[in-house]
Amino acid sequence: MSGNSSAAATAEENNPKMRVIRVGTRKSQLARIQTDSVVATLKALYPGLQFEIIAMSTTGDKILDTALSKIGEKSLFTKELEHALERNEVDLVVHSLKDLPTVLPPAFTIGAICKRENPCDAVVFHPKFVGKTLETLPERSVVGTSSLRRAAQLQRKFPHLEFRSIRGNLNTRLRKLDELQEFSAIILAVAGLQRMGWQNRLGQILHPEECMYAVGQGALGVEVRAKDQDILDLVGVLHDPETLLRCIAERAFLRHLEGGCSVPVAVHTDIKDGQLYLTGGVWSLDGSDSMQETMQATIHVPAQHVDGPEDDPQLVGITARNIPRGAQLAAENLGISLASLLLSKGAKNILDVARQLNDAHSHC
């Protein structure tokens, strides 16, 4: 932490009369909790600064009757927040990293990726099925998920279940599960449940062997104006080196595959003994066709922040000047290499078919 604290202290000394820092967020309870946690960390690092939180609704929050994958808009949960950044109405925005597209508009960058929580998915059961697992749910039980990635993997593993779209924020989904009698269970991210304080509803954690997670899942990203050096310096101390490198590899993999939320793509990353391991997979919509591979790269996670060159360009939408450039490039190359390997084995065909099928049922 000493590196973080001294960097923070220096930033404050250099700019003693800093303006109020305005932080944009979505209005949902989870978004507010996530934003509050980032602001609390910043307040501890910069006790002399004031932070004001500004909540707003996004397109994704308003369109609740359509599956996410069918809306056909990559920046569903980010566009309105980016408009506010552009108009200088806010200085930074806290997102779930998995909501941020791998290519950001040129005016913006991800200035910090905070330490990742458990990135896995979890099953929350209807009260009458508490104590069950997906395997032991009755034949033709309906499981709710708004994610093609989860549905494709789980359909393949649990053919006796039926997977159906469920939309809305976490509170809405839990209410639909408990009150509607339509769903036997729903799939949510472990990190979201933990942040909401709903650990008691966590019925089953799906480990990567059962269901690999979404790119960036469990991590928070702080989006800022790409040219706003003051704010970049301010939030840069939040970067968690290990999470950053894992997420660069994951985002590079997804970007090179040209995946989005309209196709089932999933990952699993790990750092052990200076090696970054990346497993990536693609699935057909029903999970019957799939392909996955694992690759690794040597990476040295820095023990503390070091200053890099001042003119570093972004990697997969991320700016991290205080993390060694070589490690970031190795992570990016790993993602690209794994995507190239899958594409050379025919992954493009699986993804194209998934995209066409999804588009055929789409309203956009």
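Two strands count as paired if DSSP finds at least two bridges between them. The model described here is predicted.

Strand E5 (121-125) is joined to strand E8 (residues 185-189) by five bridges, and E5 and E8 run antiparallel. Across this pairing, valine 123 stands opposite isoleucine 187 in E8. Strand E6 (142-144) is joined to E8 by two bridges, and here the strands run parallel. In that pairing, glycine 144 stands opposite isoleucine 186 in E8.

Is strand E8 enclosed or open to the outside? Five of its five residues are buried, so E8 is largely enclosed by the rest of the structure. A residue is called buried when its relative accessible area is under 20%.

In a regular strand, side chains alternate between the two faces of the sheet. In E8, Ala185, Ile187 and Ala189 point one way, while Ile186 and Leu188 point the other way. The residues on both sides of E8 are buried.

## A five-stranded sheet

An open sheet is built from five strands in the order E2-E1-E3-E10-E4, and its pairing is mixed. Which strands stand at the edges? They are strand E2 (51-56) and strand E4 (108-113). Each of these has a single partner strand, so one side of each is left without a neighbour in the sheet. From one strand to the next, the twist averages 30°.

Within it, threonine 25 stands opposite alanine 55 in E2.

## The nonpolar core

The largest nonpolar core contains 58 residues. Those with the most contacts inside this core are Ile113, Ile186, Phe253, Val265 and Val282. Helix H10 (residues 241-257) supplies the largest share of the core, nine residues.

Helix H2 (residues 29-45) has 17 residues. From first C-alpha to last, H2 reaches 25 Å, close to the 24 Å expected at 1.5 Å a residue. Its buried residues include Leu30, Ala31, Gln34 and Thr35, and also Val38, Val39, Leu42 and Leu45. Seen down the axis of H2, the buried residues fall within an arc of 165°, so they line one face of the helix.

Helix H11 (residues 325-344) has 20 residues and reaches 28 Å from its first C-alpha to its last, close to the expected 28 Å. Among its buried residues are Ala327, Gln328, Ala331, Glu332 and Leu334, together with Gly335, Leu338, Ala339 and Leu342. The buried residues of H11 fall within an arc of 145° when seen down its axis, so they too line one face of the helix. Just after H11, glycine 346 takes a positive phi of about 105°.

## Positive phi in two loops

Asparagine 88 has a positive phi of about 60° although it is not a glycine. Asparagine 88 is found in the loop between helix H5 (79-86) and strand E3 (92-96). With a relative accessible area of 43%, asparagine 88 is partly exposed.

Arginine 140 is also a residue other than glycine with a positive phi, near 60°. It lies in the loop between strands E5 and E6. Is arginine 140 exposed or buried? It has a relative accessible area of 66% and so is exposed; the cut-off for this term is over 50%.

Note on methods
Residues are numbered from 1 along each chain as its sequence is written. This is a predicted model: local features need pLDDT of at least 70, side-chain atom pairs count only at pLDDT 80 or more; totals for chains, interfaces and linings use all residues. Side-chain values use heavy atoms; hydrogens and water are left out. Helices (H or I, at least four residues) and strands (E, at least two) are DSSP runs, numbered from the N terminus. The expected span of a helix is 1.5 Å times one less than its number of residues. Buried means under 20% relative accessible area, exposed over 50%, partly exposed in between (1.4 Å probe, protein chains only). The arc is that of the directions from the helix axis to the C-beta atoms. Axes are lines fitted to C-alpha atoms, for helices over the stretch in contact, and angles run from 0 to 180 degrees between N-to-C directions. A nonpolar core is a set of buried Ala, Val, Leu, Ile, Met, Phe, Trp, Tyr and Cys residues joined through side-chain atoms within 4.5 Å.
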